Amino acid sequence: MSSADDRTLVAQATAGDQAAFGELVTRYQRKVYGVAFGMLRSSEDAMDVTQETFIRVHRYLGRFKGSSSFFTWLYRITVNLCIDHLRREGKAQTVDYDDAMDHSEQEAGQFLPWSVDTDPARAVDRKELRAMIASALETLSANHRAVILMREVEGLSYSEMAEVMQCSKGTIMSRLFHARRRMQTALLDCDESQEEDRGVTRGLPT
Amino acid sequence: MSRSTDDTDLQRYCDGELGARRARQVRERLQTDPEARGRVEALESMRGMLQQAASASADEADFSKLWGRVRSGIEREQPPSLSERISGWFRRWGIVAATATAAVVVALAVLLWPAGVTPPANNDAVIESLDVGPEAVGTIFTITGPKETGDTTVIWVTETSAEGDK
């Protein structure tokens, strides 16, 4: 569905058309929930944040000027609510030392030439995969979780993410780099410990 | 090219954020550099894992009640209108107390209407329906009065039965 259609629905919803707003909710509920679940790791909390996101969207519909696309505005509200939620729970680590490109760390750690599911014999099942992803995401700060989910799951561009996070594209690239690097390390640790549990010894490809 | 620039380029290549010329250069390099290709494949593999995990989580979520919950939340945020506030009062206190109150309001309006004040024209009255539950029909009359006395509000409640109005 194009953003023009979103704008039409937003205009109708702003004029009080509840059915139009219901259509927006139906259209974006999975995406909002996906980001919220990725950040909060709890289906109940994610559903609460999804609900609150749409209530806030409705409350501020009159302030949406259409200068940005509806979904970047929607994601901004979602991510902010998730960060607030994590702060309330005392789990938020939002200030990243690596918001500016830190080349020394990048020198030390490049992306890893590793893939967990290239070998069909080792392919993890869905449940195992989700557990690995969950524990890997746990190692990331809220900002890192947000960028990696928006990029990898939702496919947002750097410009769109910069709009959502209200920061520069350079900051987005830096966060994304570190988020990916940490995710890879965490997934690798997780995969290795699972293999040890199975009694398998396997070296990393070099 | 330093490793950091290299990885930044690989990341931007994977994300479709490189310009056409630079993207072509990276593509050519990937054909001859298995190490760089391995790193790109790793990024793509992680993307696939994240997408699968997100999709599985969303598949398990129950969205059937979400719209109802959102609508209730929106309604809670909007201040109730006068008729909604009165309806709530009626629901809370019951039809008998409400009817008695309505009768008192009507009686006071008649008794206290000041002599010599010109009654308002008929078309000055605002009539609203009032939801007082299934057992009665309610109407609110708001009569615009002169500056000295202000407006007068009359609430009229008629009890109903299955056969019709009483």
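Analyst: In chain A, 45 residues are in contact with 35 residues of chain B, a contact being two residues whose C-beta atoms, placed from the backbone, lie within 7 Å. The model is a predicted one, in which local features need pLDDT of at least 70 and side-chain atom pairs count only at pLDDT 80 or more, while totals for chains, interfaces and linings use all residues. Residues are numbered from 1 along each chain as its sequence is written, and chains are lettered from A and ligands numbered from 1 in the order in which they are written.

On the side of chain A that touches chain B, two or more residues come from each of α2, α3 (43-59), α5 (103-108), α6 (126-138), α7 and α9 (169-198). That side has 21 nonpolar, 15 polar and nine charged residues, where Ala, Val, Leu, Ile, Met, Phe, Trp, Tyr, Cys and Pro count as nonpolar, Asp, Glu, Lys and Arg as charged, and the others, Gly among them, as polar. Of these elements, α7(A) is the part examined here.

In chain B the pattern along the sequence is α-α-α-α-α-β-β-β-β. Buried residues make up 40% of the 206 residues in chain A and 16% of the 166 residues in chain B. A residue is buried if 20 or more other C-beta atoms lie within 10 Å of its own, exposed if 12 or fewer, and partly exposed in between, with C-beta atoms placed from the backbone. Of the contacts in chain A between residues at least 6 apart in sequence, 71% join residues at least 24 apart; the corresponding share in chain B is 46%.

Helix α7(A) is largely enclosed by the rest of the structure, because eleven of its eleven residues are buried. The buried set includes the charged residues R145(A), R151(A) and E152(A). V147(A), which is found in this helix, has 30 C-beta neighbours inside 10 Å and so counts as buried. Leaving aside neighbours within four places in sequence, V147(A) is in contact with M161(A), I172(A), R175(A), L176(A) and A179(A). The C-alpha atoms of V147(A) and A162(A), 15 residues apart along the chain, are separated by 9.3 Å.

M150(A) belongs to the largest nonpolar core, which has 67 residues, and is among those with the most contacts inside it, together with A36(A), L74(A) and C82(A). Such a core is a set of buried Ala, Val, Leu, Ile, Met, Phe, Trp, Tyr and Cys residues joined through C-beta atoms within 7 Å. Helix α2 (residues 18-40) of chain A gives the most to this core, with eleven residues. Not counting residues up to four places away in sequence, M150(A) touches V35(A), Y75(A), L156(A), M161(A) and V164(A).

The partner helix is α8(A). The axes of α7(A) (residues 142-152) and α8(A) (residues 158-165) come within 10 Å and cross at roughly 140 degrees; axes are lines fitted to C-alpha atoms, for helices over the stretch in contact, and angles run from 0 to 180 degrees between N-to-C directions. From α7(A), the residues A146(A), V147(A), M150(A) and R151(A) meet M161(A), V164(A) and M165(A) in α8(A). This contact divides into six nonpolar, no polar and one charged residue.

Beyond α8(A), Q166(A) lies in the loop between α8 and α9 of chain A. Q166(A) has a positive phi of about 55 degrees although it is not a glycine, and counts as exposed, with 10 C-beta neighbours inside 10 Å. R41(A), in the loop between α2 and α3 of chain A, likewise is not a glycine and has a positive phi, of about 60 degrees; R41(A) is partly exposed, with 18 other C-beta atoms within 10 Å.

Finally, on confidence, pLDDT is the predictor's confidence in each residue, from 0 to 100. The mean pLDDT of chain A is 81, and 74% of its residues reach 70 or more. Among the elements of chain A, α5(A) has the lowest mean pLDDT (42) and α3(A) the highest (96). The pLDDT is below 50 over residues 100-109 of chain A, a stretch with twelve contacts in the model beyond near neighbours in sequence.

Note on methods. Helix = DSSP H or I, 4+ residues; strand = E, 2+ residues; numbered from the N terminus.
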